[in-house]
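Student: I'd like to learn how to read a structure like this one, feature by feature. Could we go through it together?

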Amino acid sequence: MTRLFGVLGGLIGLVSGASAQTATLPFVLKQVGPGVYAAIDGPEHKAGSNAGFVIGDDGVLVVDSFFNLDSARALVGEIHRLTPKPIRYVVNTHYHIDHTGGDQALRDAGAIIVAHKNVRGWVRTNNVNLFGDRITPEIRAEIAAVPLPDLVTDKDLTVWLGSRKVVVRTVLGHTGGDLTIFVPDASVLFTGDMLWRKVPPNLIDGSVKEWMATDADFAAMPNPSHIAFVPGHGDVANANDVRDFRQYLLDLRRLVLEGHKAGLKDDALAQFVEAKLKALHPDWTISDRAAAFEVRYMDEELAGTKKRPIPQPD
Ligand SMILES: [Zn+2]
């Protein structure tokens with residue numbers, strides 16, 4: 001379906017945390033500003049997604065926790081290697097397990113888990129849907145044990161790390177419970193899965209309409225050419241990548257509509273759209289499986305039948 005589905009085979013053995021620790025990190029650490037780091041999922045996709053962290057005067061704020069405890073523990077190790085300051089927060093950009101699966105490792109390191117209000121109601125239940133027929137008892141158990149966030153919001157927040165300001169914003173498009181994290185003094189925006197770089201996004205819970213509007217807002221930020229965008233998947237991005245991603249979503253919607261007009265559906269529609277998307281975005285990695293799911297979800301959204309996660313009462 002997505003990058004997540006594409007890499008599940010390799011990840012399933014890691015979910016339990018029982019795999020042997022390898023000497024190399026499952027992510028590549030990249031400094032994207034003074035005291036601001038992106039942790040980019042490695043070529044084997046063992047971390048499952050990107051994460052990152054911000055070192056302030058008196059503590060550290062982490063963004064997301066990867067898919068598994070081993071990767072999150074490796075991130076904690078890297079933070080401790082770079083600074084003696086305490087890890088005070090982990091902010092989850094959304095509830096998907098490839099971004100929350102390591103939260104317990106951050107909590108064990110001292111962090112308060114911050115998330116959108118809707119994450120508490122979804123993180124231990126809706127995550128099962130991401131796996132489809134690839135779900136296993138081990139993954140079910142892992143999902144059921146993910147810690148619930150301690151501090152939730154449906155409004156923007158400002159977090160002060162001493163004199164360093166970090167702005168947590170609520171945004172629309174990926175799940176219905178999405179946050180971005182902006183570090184104004186370093187011009188770094190952690191977008192979570194509102195941005196994917198050169199790989200198709202997971203639309204399972206999304207609204208492409210809302211999503212494109214959020215990416216238009218990213219591109220309209222002041223001095224976008226000076227901003228480092230840390231996407232949920234793919235390498236560190238720039239303003240051109242934001243526009244490219246938004247164009248991909250526009251192309252997807254347009255091609256699904258065109259296919260419909262030509263009377264195509266199901267596999268024929270997916271093949272029609274995929275061939276044209278690949279031609280328009282030759283430097284993207286687009287799998288048949290990812291394209292088929294994208295077309296299906298886009299089709300449902302256009303038909304008004306798309307199911308999205310429902311906010312749960314506290
Ligand atoms: Zn993700």
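Student: How do the residues of the lining of the largest cavity divide into nonpolar, polar and charged?

Tutor: Good place to begin, and do keep in mind that this is a predicted model. The lining of the largest cavity has five nonpolar residues, five polar ones and one charged. Among the lining residues are Asn50, Val63, Asp64, Phe190 and Pro231. Strands S11 and S12 (228–233) each supply at least two residues of that lining. The volume of this cavity is about 50 Å³, and a search of the whole structure finds one cavity of 30 Å³ or more.

Student: Now the metal. Which residues coordinate the zinc ion?

Tutor: Start with the donor atoms. Asp98 (OD), His99 (NE2), Asp193 (OD) and His233 (NE2) coordinate the zinc ion at 2.0 to 2.4 Å. Along the chain, these donors follow the spacing D-H-x93-D-x39-H. Distant parts of the chain are linked here: Asp98 sits in helix H3 (residues 97–100) and Asp193 in strand S11 (residues 188–196), 95 residues apart.

Student: Are Asp98 and Asp193 buried or exposed?

Tutor: Asp98 is buried, at 2% relative accessible area, and Asp193 also counts as buried, at 3%.

Student: What is the geometry of the zinc site, going by the angles among its four donor atoms?

Tutor: The general idea is that ideal angles for four tetrahedral donors are 109.5 degrees. In this model the angles run from 87 to 156°, and the site of the zinc ion is irregular.

Student: How many salt bridges does the count come to?

Tutor: Side chains of opposite charge can pair when their charged atoms come close. Here the count comes to 16 salt bridges. One of them joins Arg197 and Asp241, at 3.2 Å from N to O. Arg197 lies in the loop between S11 and helix H7 (208–219) and Asp241 in helix H8 (residues 239–261), so this pair ties together parts that are 44 residues apart in sequence. Arg197 is partly exposed at 23% relative accessibility, while Asp241 is buried at 10%.

Student: Where do Glu300 and Arg296 lie?

Tutor: Both are in helix H10 (residues 288–303), four residues apart, about one turn of the helix. Glu300 is partly exposed at 22%, as is Arg296 at 43%.

Student: Which residues are linked in a network of salt bridges?

Tutor: Asp251, Arg254 and Glu258 are linked in such a network.

Conventions:
Residues are numbered from 1 along each chain as its sequence is written. This is a predicted model: local features need pLDDT of at least 70, side-chain atom pairs count only at pLDDT 80 or more; totals for chains, interfaces and linings use all residues. Side-chain values use heavy atoms; hydrogens and water are left out. Donors are N, O and S atoms within 2.8 Å of the metal (3.2 Å for Na, K and Ca); water is not among the atoms, so sites may look incomplete. Four donors count as tetrahedral if all angles lie between 85 and 135 degrees; four count as square planar and six as octahedral if opposite donors are over 155 degrees apart and all others between 65 and 115; anything else is irregular. Buried means under 20% relative accessible area, exposed over 50%, partly exposed in between (1.4 Å probe, protein chains only). On a 1 Å grid over the protein atoms alone, a cavity is a set of points where a 1.4 Å probe fits but cannot get out, and a pocket is an open set with protein on both sides within 12 Å along at least five of seven lines; lining residues have an atom within 4 Å of a point. Grid points are joined across faces, edges and corners, and a volume is the space filled by probe spheres set on the points. Ala, Val, Leu, Ile, Met, Phe, Trp, Tyr, Cys and Pro count as nonpolar, Asp, Glu, Lys and Arg as charged, and the others, Gly among them, as polar. A salt bridge is a side-chain nitrogen of Lys or Arg within 4 Å of a carboxyl oxygen of Asp or Glu.
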